Amino acid sequence: MGKRKKNKSTEDKSAMNKYQVIGLGCLAHLYKCSALRESCGLCLKADPRFECGWCVSEKRCSLRQHCPVSESSWMHASNGNSRCADPKILKLFPETGPRQGGTRLTIIGENLGLKFDDVRMGVRVGKVICIPIESEYISAEQIVCEIGEASPSKIQDAPVEVCVRDCSPSYKAIAPKSFTFVVRCSLASRGVQIRVTSQNRYSLNDGS
């Protein structure tokens, strides 16, 4: 009987300690760097409290002690000059727009810069500059830019490219699908004349 009481007392004490810890507002975080962070950009966006970084040599997100020791083999967001190589463009929307410009192009991808300045001057559609919009930028994942006016040309399909700081091969992405420029054609430009008549001369100017 005494032995059973001792075990019960130990269990009660353990439960009480657990209750006290919870009551004090303590919270444990279980975090794995590689979980859902398969690209360099997503890895370096992780909460800096968890000290996740990109192991360049093994191309994975990890703690520093889990990456081979080298000055250049592990990157962390605390280094202001960090830049992820191998950017990728996965999706474009829309895929067509007028030559007159003004189309807002959304680019979804990986490693598309860690900060807006990385891509501020780095987006082109063919030879046309596409100006990124800072308020629409999502670090590493999304760029929204406004396409400028394209010069008249027989070539309608244009490659979309993103350069992260510079256009060296390791930091340049080209979309798998091209953007298609279309001609916005009005009836007047095609020589079509439209004549509107009405039996009631006030019906076309009544403010309705």
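Strand S1 (residues 53-55) and strand S3 are joined by two bridges and run antiparallel, where strands, like helices, are DSSP runs numbered from the N terminus (E, at least two residues, for strands; H or I, at least four residues, for helices), and where two strands are taken to pair if DSSP finds at least two bridges between them. The model is a predicted one, in which local features need pLDDT of at least 70 and side-chain atom pairs count only at pLDDT 80 or more, whereas totals for chains, interfaces and linings use all residues. Residues are numbered from 1 along each chain as its sequence is written, and side-chain values use heavy atoms, with hydrogens and water left out.

When the bonded cysteines of the chain are numbered in sequence order, the pairing reads 1-4, 2-8, 3-6, 5-7, 9-10, 11-12. One of the disulfides joins Cys-40 to Cys-84, with an S to S distance of 2.0 Å, and the link of Cys-40 and Cys-84 is left-handed, with -70 degrees about the S-S bond. Since Cys-40 lies in helix H2 (residues 40-44) and Cys-84 in the loop between S3 and strand S4 (88-93), the pair ties together parts that are 44 residues apart in sequence. Burial is expressed here through relative accessible area, with buried meaning under 20%, exposed over 50% and partly exposed in between (1.4 Å probe, protein chains only). On this scale Cys-40 is buried, at 3%, and Cys-84 likewise counts as buried, at 3% relative accessibility.

A disulfide is also formed by Cys-130 and Cys-145, whose sulfur atoms are 2.0 Å apart. The torsion about the S-S bond of Cys-130 and Cys-145 is about 90 degrees, so this disulfide is right-handed. Because Cys-130 is placed in strand S8 (residues 128-132) and Cys-145 in strand S9 (residues 140-147), the pair ties together parts that are 15 residues apart in sequence. Cys-130 is buried, with a relative accessible area of 1%, and Cys-145 is buried at 0%. For the disulfide of Cys-163 and Cys-167, the sulfur atoms are again 2.0 Å apart, and a torsion of about 105 degrees about the S-S bond makes the link right-handed. Here Cys-163 is buried, with a relative accessible area of 2%, whereas Cys-167 is partly exposed, with a value of 45%.

Further antiparallel pairing involves strands S4, S6 and S9. S4 and S6 run antiparallel and are joined by five bridges, with Ile-89 standing opposite Gly-109 in S6. S6 also pairs with S9 in the antiparallel sense, over six bridges, and Thr-106 has Val-144 in S9 as its bridge partner. Gln-142, which is likewise placed in strand S9, is buried, with a relative accessible area of 17%. The side chain of Gln-142 reaches the backbone oxygen of Glu-136 at 3.0 Å. With contact taken as heavy atoms within 4.5 Å, and with neighbours within four places in sequence left aside, Gln-142 is in contact with Thr-106, Ile-107, Ile-108, Leu-112, Glu-136 and Tyr-137.

Thr-103 is found in the loop between strand S5 (96-98) and strand S6 (104-112), and Thr-103 is buried, with a relative accessible area of 11%. Apart from neighbours within four places in sequence, the residues in contact with Thr-103 include Cys-145, Glu-146 and Ile-147, as well as Phe-179. Phe-179 in S13 is in turn the bridge partner of Ala-158, and strand S13 (residues 179-182) runs antiparallel to S10, to which two bridges join S13. S13 takes part in an open sheet of three strands in the order S5-S13-S10, for which the pairing is mixed. The edge strands of this sheet are S5 and strand S10 (157-158), each of which pairs on one side only.

Key:
A disulfide is a pair of cysteine sulfur atoms within 2.5 Å. A polar contact is a pair of N or O atoms within 3.5 Å; within protein, one must be able to donate a hydrogen and the other to accept it, and residues adjacent in sequence count only if both atoms are side-chain atoms.
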